[in-house]
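Trainee: I have a structure open and would like to learn how to read it. Please take me through it feature by feature.

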Amino acid sequence: MSEKPGLDADLQLGVEEVDREHGLQVALIDELERAGSEAESASIAQRLHDTTEAHFIGEELLMRQHSYPLYHAHVEEHGKLLAQLAALRERHGKSESGWRAELREWLQGHIRGPDRDFTLFAKSAGSATNATRG
Ligand SMILES: [Fe+2]
Ligand SMILES: [Fe+2]
(Lines give C-alpha, C1' and ligand atoms only; values in the text may rest on other atoms or scores of the structure.)
(Ligands and ions follow the chains in the order given, each with its own letter.)
Protein backbone atom coordinates (compact mmCIF):
# COMPACT_ATOMS: atom_id res chain seq x y z
CA MET A 1 0.00 0.00 0.00
CA SER A 2 1.21 3.51 -0.66
CA GLU A 3 -1.14 5.21 1.80
CA LYS A 4 0.32 8.37 3.26
CA PRO A 5 -1.55 9.09 6.46
CA GLY A 6 -2.31 12.75 6.98
CA LEU A 7 -1.03 13.82 3.58
CA ASP A 8 -3.61 15.30 1.20
CA ALA A 9 -3.20 14.59 -2.49
CA ASP A 10 -2.23 18.18 -3.22
CA LEU A 11 0.71 17.85 -0.84
CA GLN A 12 2.13 14.78 -2.56
CA LEU A 13 5.17 15.65 -4.63
CA GLY A 14 5.85 12.31 -6.32
CA VAL A 15 9.16 11.51 -4.64
CA GLU A 16 8.41 8.51 -2.47
CA GLU A 17 10.71 9.09 0.50
CA VAL A 18 9.94 12.82 0.68
CA ASP A 19 6.18 12.16 0.53
CA ARG A 20 6.41 9.50 3.23
CA GLU A 21 8.25 11.85 5.58
CA HIS A 22 5.89 14.76 4.87
CA GLY A 23 3.01 12.39 5.67
CA LEU A 24 4.64 11.65 9.01
CA GLN A 25 5.09 15.36 9.80
CA VAL A 26 1.46 16.17 9.00
CA ALA A 27 0.25 13.13 10.98
CA LEU A 28 2.22 14.32 14.02
CA ILE A 29 0.63 17.77 13.78
CA ASP A 30 -2.77 16.02 13.63
CA GLU A 31 -1.78 14.07 16.76
CA LEU A 32 -0.73 17.28 18.51
CA GLU A 33 -4.18 18.72 17.93
CA ARG A 34 -5.77 15.67 19.53
CA ALA A 35 -3.36 15.44 22.46
CA GLY A 36 -5.25 14.98 25.72
CA SER A 37 -2.64 16.17 28.19
CA GLU A 38 0.39 18.42 28.40
CA ALA A 39 2.68 15.41 28.83
CA GLU A 40 1.29 13.80 25.69
CA SER A 41 1.58 17.05 23.80
CA ALA A 42 5.20 17.54 24.89
CA SER A 43 6.09 14.02 23.80
CA ILE A 44 4.50 14.52 20.36
CA ALA A 45 6.20 17.92 19.97
CA GLN A 46 9.54 16.22 20.66
CA ARG A 47 8.83 13.52 18.04
CA LEU A 48 7.77 16.20 15.56
CA HIS A 49 11.01 18.10 16.14
CA ASP A 50 13.18 14.97 15.74
CA THR A 51 11.27 13.72 12.70
CA THR A 52 11.50 17.14 11.07
CA GLU A 53 15.21 17.48 11.80
CA ALA A 54 15.91 14.07 10.22
CA HIS A 55 13.69 14.89 7.24
CA PHE A 56 15.53 18.17 6.61
CA ILE A 57 18.91 16.42 6.70
CA GLY A 58 17.67 13.94 4.07
CA GLU A 59 16.12 16.63 1.91
CA GLU A 60 19.24 18.78 2.07
CA LEU A 61 21.42 15.83 1.10
CA LEU A 62 19.16 15.17 -1.88
CA MET A 63 19.43 18.85 -2.90
CA ARG A 64 23.21 18.69 -2.74
CA GLN A 65 23.25 15.50 -4.80
CA HIS A 66 21.34 17.42 -7.47
CA SER A 67 23.47 20.60 -7.18
CA TYR A 68 20.21 22.43 -6.54
CA PRO A 69 20.76 26.16 -7.19
CA LEU A 70 18.31 27.29 -4.47
CA TYR A 71 19.91 25.05 -1.84
CA HIS A 72 20.99 27.84 0.54
CA ALA A 73 17.63 29.64 0.57
CA HIS A 74 15.86 26.32 1.18
CA VAL A 75 18.20 25.40 4.03
CA GLU A 76 17.55 28.81 5.58
CA GLU A 77 13.81 28.05 5.57
CA HIS A 78 14.48 24.73 7.28
CA GLY A 79 16.54 26.51 9.93
CA LYS A 80 13.67 28.89 10.63
CA LEU A 81 11.20 26.07 11.15
CA LEU A 82 13.55 24.17 13.46
CA ALA A 83 14.00 27.33 15.53
CA GLN A 84 10.22 27.74 15.60
CA LEU A 85 9.75 24.13 16.73
CA ALA A 86 12.34 24.57 19.47
CA ALA A 87 10.59 27.78 20.60
CA LEU A 88 7.26 25.95 20.65
CA ARG A 89 8.67 23.34 22.97
CA GLU A 90 9.87 26.13 25.29
CA ARG A 91 6.53 27.93 25.24
CA HIS A 92 4.64 24.70 25.65
CA GLY A 93 2.08 24.82 28.43
CA LYS A 94 1.46 28.56 28.22
CA SER A 95 -1.72 28.03 26.22
CA GLU A 96 -0.55 29.43 22.92
CA SER A 97 -3.78 28.53 21.17
CA GLY A 98 -2.85 29.51 17.63
CA TRP A 99 0.51 27.83 17.32
CA ARG A 100 -0.64 24.46 16.00
CA ALA A 101 -2.52 26.15 13.19
CA GLU A 102 0.51 28.33 12.45
CA LEU A 103 2.73 25.28 12.35
CA ARG A 104 0.41 23.45 9.97
CA GLU A 105 0.20 26.48 7.72
CA TRP A 106 3.96 26.86 7.66
CA LEU A 107 4.55 23.19 6.90
CA GLN A 108 1.94 23.00 4.15
CA GLY A 109 3.20 26.27 2.67
CA HIS A 110 6.75 24.92 2.68
CA ILE A 111 5.71 21.66 1.01
CA ARG A 112 3.64 23.46 -1.64
CA GLY A 113 6.39 26.04 -2.22
CA PRO A 114 10.11 25.32 -1.79
CA ASP A 115 9.72 21.53 -1.52
CA ARG A 116 7.59 21.33 -4.65
CA ASP A 117 10.06 23.56 -6.51
CA PHE A 118 12.91 21.29 -5.54
CA THR A 119 11.19 18.00 -6.40
CA LEU A 120 10.16 19.40 -9.80
CA PHE A 121 13.77 20.39 -10.39
CA ALA A 122 15.05 16.98 -9.27
CA LYS A 123 12.51 15.07 -11.36
CA SER A 124 13.30 17.14 -14.43
CA ALA A 125 16.98 16.37 -13.81
CA GLY A 126 15.91 12.76 -14.14
CA SER A 127 16.75 10.63 -11.16
CA ALA A 128 15.12 11.92 -7.98
CA THR A 129 12.59 9.14 -7.65
CA ASN A 130 15.09 6.38 -8.31
CA ALA A 131 17.70 8.00 -6.09
CA THR A 132 15.35 8.01 -3.10
CA ARG A 133 14.20 4.40 -3.44
CA GLY A 134 15.90 1.55 -1.63
FE1 LIG B 1 12.15 21.51 2.58
FE1 LIG C 1 10.12 18.72 3.21
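Trainee: What share of the contacts with a separation of 6 or more comes from residues 24 or more positions apart?

Mentor: This is a predicted model. In this chain, residues 24 or more positions apart account for 64% of the contacts with a separation of 6 or more.

Trainee: How many helices and strands does the chain have?

Mentor: There are five helices and zero strands. Read from the N terminus, the order of elements is α-α-α-α-α.

Trainee: How are two packed helices described?

Mentor: By the angle between their axes and the distance between the axes. Here, α1 and α2 pack with axes 9 Å apart, at an angle of about 165 degrees. Because angles over 145 degrees count as roughly antiparallel, α1 is roughly antiparallel to α2. Residues on the α1 side of the contact include Val18, Leu24, Leu28 and Leu32, and those on the α2 side include Ala45, Leu48 and Glu59. The crossing of α1 and α2 is left-handed.

Trainee: What span does α2 reach, and what is expected?

Mentor: Helix α2 covers residues 38–65, which is 28 residues. From first C-alpha to last it reaches 40 Å, close to the 40 Å expected at 1.5 Å a residue. Just after α2, Ser67 has a positive phi of about 45 degrees.

Trainee: Which residues of α2 are buried?

Mentor: First, the general idea. An α-helix has 3.6 residues a turn, so residues three or four places apart point the same way. In α2 the buried residues are Ala45, Leu48, Glu59 and Met63. Over the whole chain of 134 residues, 19% are buried.

Trainee: Which residues make up the largest nonpolar core?

Mentor: Seven residues do: Leu13, Val15, Val18, Met63, Tyr68, Phe118 and Ala122. Another core, of five residues, lies apart from it, and among its members are Val26, Leu103, Leu107 and Ile111. Met63, from the buried list of α2, belongs to the largest core.

Trainee: How many residues separate Asp10 from Gln108 along the chain?

Mentor: They are 98 residues apart along the chain, with their C-alpha atoms separated by 9.7 Å.

Terms used
Residues numbered from 1 in each chain as written. Chains lettered and ligands numbered in written order. Predicted model: local features only at pLDDT ≥ 70, side-chain atom pairs only at ≥ 80, totals over all residues. Core = buried A, V, L, I, M, F, W, Y, C linked by C-beta atoms within 7 Å. Buried ≥ 20, exposed ≤ 12 C-beta atoms within 10 Å, placed from the backbone. Helix = DSSP H or I, 4+ residues; strand = E, 2+ residues; numbered from the N terminus. Expected span 1.5 Å × (residues − 1). Contact = placed C-beta atoms within 7 Å. Axes fitted to C-alpha atoms, helices over the stretch in contact; angles between N-to-C directions. Parallel < 35°, antiparallel > 145°, perpendicular 65-115°, else oblique. Left-handed = near helix turned anticlockwise from the far one by under 90°.
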